[in-house]
Amino acid sequence: MLSDPIVALATPPGRSALALIRLSGRGAFDVAARALRSFRPEPPRTVHRVQVVHPATGEVRDDALAACFPGPRSYTGEDLVEISTHGGLLVPAAVVAALAAAGARPAAPGEFTRRAVLNGKLDVLQAEATGDLIEAGSPAQARRALQQLDRGLSTRLERLRADLLELEALIAYDIDFPDEDEGPVAPERVEAAWTAVRDRLGQLLATAPEGERLREGALLVIAGRPNAGKSSLFNALLGTERAIVTEVPGTTRDAIEAHAVLEGFPFRLVDTAGLRASQDRVERIGIEVSRKYLAAADLVLFCEDEGAGSGARGHRERDEFLANVAAPVVLVQTKIDLANRLTTDPANQLGVSVVTGAGLANLRRRLAETAFGRLLALGDVEPVVTRARHRTALERALAEVNAFRNARAEGVEAAATATHLRAAMGALDDLIGVVTPDDVLDRVFASFCIGK
Ligand SMILES: Nc1nc2c(ncn2[C@@H]2O[C@H](COP(=O)(O)OP(=O)(O)OP(=O)(O)O)[C@@H](O)[C@H]2O)c(=O)[nH]1
Ligand SMILES: [Mg+2]
């Protein structure tokens with residue numbers, strides 16, 4: 001049954017002042033009436049004080065507040081009751097049990113939001129954004145999720161879909177009268193409309209790498225020679241003494257990963273074993289692990305202690321190392337508080353000291369710009385593609401749009417070329433999660449009157 005009454009605790013279990021319980025579905029008010037004493041669904045969206053009682057025993061479980069949201073004006077689109085109870089481990093569970101005894105089924109994960117989608121209250125992109133907002137661990141993630149919840153991406157995709165319909169409308173005459181040479185629409189107009197759609201799809205797709213990175217956190221690998229100050233910098237960026245720091249080269253032997261928020265953006269920081277030819281078996285394994293992380297890195301922070309006397313050989317090693325790294329590299333000069341270290345910025349290189357804190361703010365900014373530069377430039381208003389699901393759907397749409405153009409160039413008849421446009425719209429529909437099958441045809445004939 002898709003609309004049977006379901007109940008669940010909406011807040012995490014554990015010690016807390018309050019807890020929120022949600023009850024939704026056909027008959028939700030009847031269920032509530034059996035377990036809430038002096039339950040009143042009227043007036044809607046108004047909070048009433050109630051006693052929660054077990055329907056079988058009549059035992060009082062809590063003194064609570066309840067509000068009714070009659071469908072369709074509710075989160076799920078169904079009749080919905082929200083009950084604020086006291087928090088803790090026992091009371092909320094006892095209230096859920098009372099509502100279950102009164103006829104509600106414990107909800108499956110995500111079932112409230114799934115119903116919201118089924119009832120047209122949210123599209124699939126908004127449902128995803130709801131999950132992202134809850135999961136957000138950094139301000140940038142939360143802002144992006146809110147923008148998507150506000151239909152930022154959905155609106156953009158709907159506009160793209162409308163552009164595709166318009167493009168189809170432009171060739172409608174050729175579809176209806178395939179044997180006539182010249183339709184009322186010049187081929188240049190079709191070409192211009194096609195180019196515009198293709199470019200818009202391309203622009204949206206270009207946000208995918210950083211958008212997906214925003215959900216997962218950018219993998220930032222800290223590398224450099226032993227004793228360069230990698231672990232010290234790792235700790236400074238994290239704000240805690242997570243990795244062991246000593247003056248002994250080869251201190252870090254294993255890769256250590258931790259989440260950090262830099263300039264509001266999510267990162268997964270990895271401290272690694274210093275790269276050198278080592279005789280020590282454990283250290284060699286650590287260096288092997290470092291290389292694996294480097295291969296997967298979104299960006300690399302390469303630490304150099306210029307005063308440590310590595311000289312020309314050190315630079316050569318560094319250049320060899322960097323030549324094998326595919327990810328963007330941020331070079332940083334460490335320990336600039338020490339007397340013989342560079343304090344200026346010769347080759348656009350940053351200098352930092354974990355002792356004085358100098359340069360750290362600059363470094364954070366540089367790292368955020370390197371990992372999320374495109375998102376920073378776009379701001380929070382432009383929609384961004386944040387999942388592989390979005391990317392593959394858009395790639396499919398783009399491939400169809402290109403196939404449309406190729407088919408036209410090859411002289412394929414208009415009706416057949418239009419199937420590519422339909423397929424592209426289908427990809428966008430799947431992405432938004434709203435299926436409107438006859439809609440394509442309706443729009444074509446509404447906006448393009450042939451008049452013959
Ligand atoms: N004065 C000064 N000393 C630093 C600074 N950063 C690190 N050090 C010192 O440099 C030494 C090595 O630091 P680590 O952070 O352990 O260096 P590492 O690159 O992780 O070294 P390995 O793990 O051995 O590869 C320690 O004695 C640190 O205290 C700094 O900014 N200023
Ligand atoms: Mg270390």
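Let me start with a contact: Ser-232 has a side-chain N or O atom 2.5 Å from an oxygen atom of ligand 1. Taken alone, ligand 1 exposes 640 Å², and the protein buries 87% of that. Keep in mind that this is a predicted model.

Stay with ligand 1. Lys-230 also reaches an oxygen atom of the ligand, here with a backbone N or O atom, at 2.8 Å. Thr-252 uses a polar side-chain atom, and the distance to a ligand oxygen is 2.8 Å.

Now the shell around the ligand. There are 22 residues around ligand 1. Which come nearest? Lys-230, Ser-232, Gly-250, Thr-251 and Asp-337. By type, the shell holds 10 polar residues, 8 nonpolar and 4 charged.

Next, the metal. Ligand 2 is a magnesium ion. Which protein atoms are its donors? They are OG of Ser-231 and OG1 of Thr-252, at 2.0 to 2.1 Å. This pair links distant parts of the chain, 21 residues apart. Ser-231 belongs to helix α10, residues 230–238. Thr-252 sits in the loop between α10 and β9, the latter spanning 256–262. Are these two buried or exposed? Both Ser-231 and Thr-252 are buried.

Where is it in the fold? Asp-380 is in the loop between α13 (360–378) and α14 (388–409). From Gly-250, Asp-380 is 130 residues away in sequence and 43 Å away in space, C-alpha to C-alpha. Asp-380 counts as partly exposed because its relative accessibility is 36%. Beyond four places in sequence, Asp-380 touches Arg-143, Arg-144 and Gln-147.

Thr-207 lies in the loop between α8 (187–206) and α9 (208–216). Why does Thr-207 count as buried? Its relative accessibility is 3%, and the cut-off for buried is under 20%. The Thr-207 side chain comes to 2.6 Å from the backbone oxygen of Leu-204. Setting aside neighbours within four places, the contacts of Thr-207 are Arg-374, Leu-378, Pro-383, Val-384 and Val-385.

That is the tour. I'm happy to take questions.

Methods: Residues numbered from 1 in each chain as written. Chains lettered and ligands numbered in written order. Predicted model: local features only at pLDDT ≥ 70, side-chain atom pairs only at ≥ 80, totals over all residues. Heavy atoms only, no water. Near = heavy atom within 4 Å. Polar contact = N/O pair within 3.5 Å; in protein donor to acceptor, adjacent residues only side chain to side chain. Areas by Shrake-Rupley, 256 points an atom, 1.4 Å probe, with all protein chains shown as cover. Nonpolar A, V, L, I, M, F, W, Y, C, P; charged D, E, K, R; others polar. Helix = DSSP H or I, 4+ residues; strand = E, 2+ residues; numbered from the N terminus. Buried < 20%, exposed > 50% of the residue type's maximum accessible area, 1.4 Å probe, protein only. Contact = heavy atoms within 4.5 Å. Donors = N, O, S within 2.8 Å, 3.2 Å for Na, K, Ca; no water.
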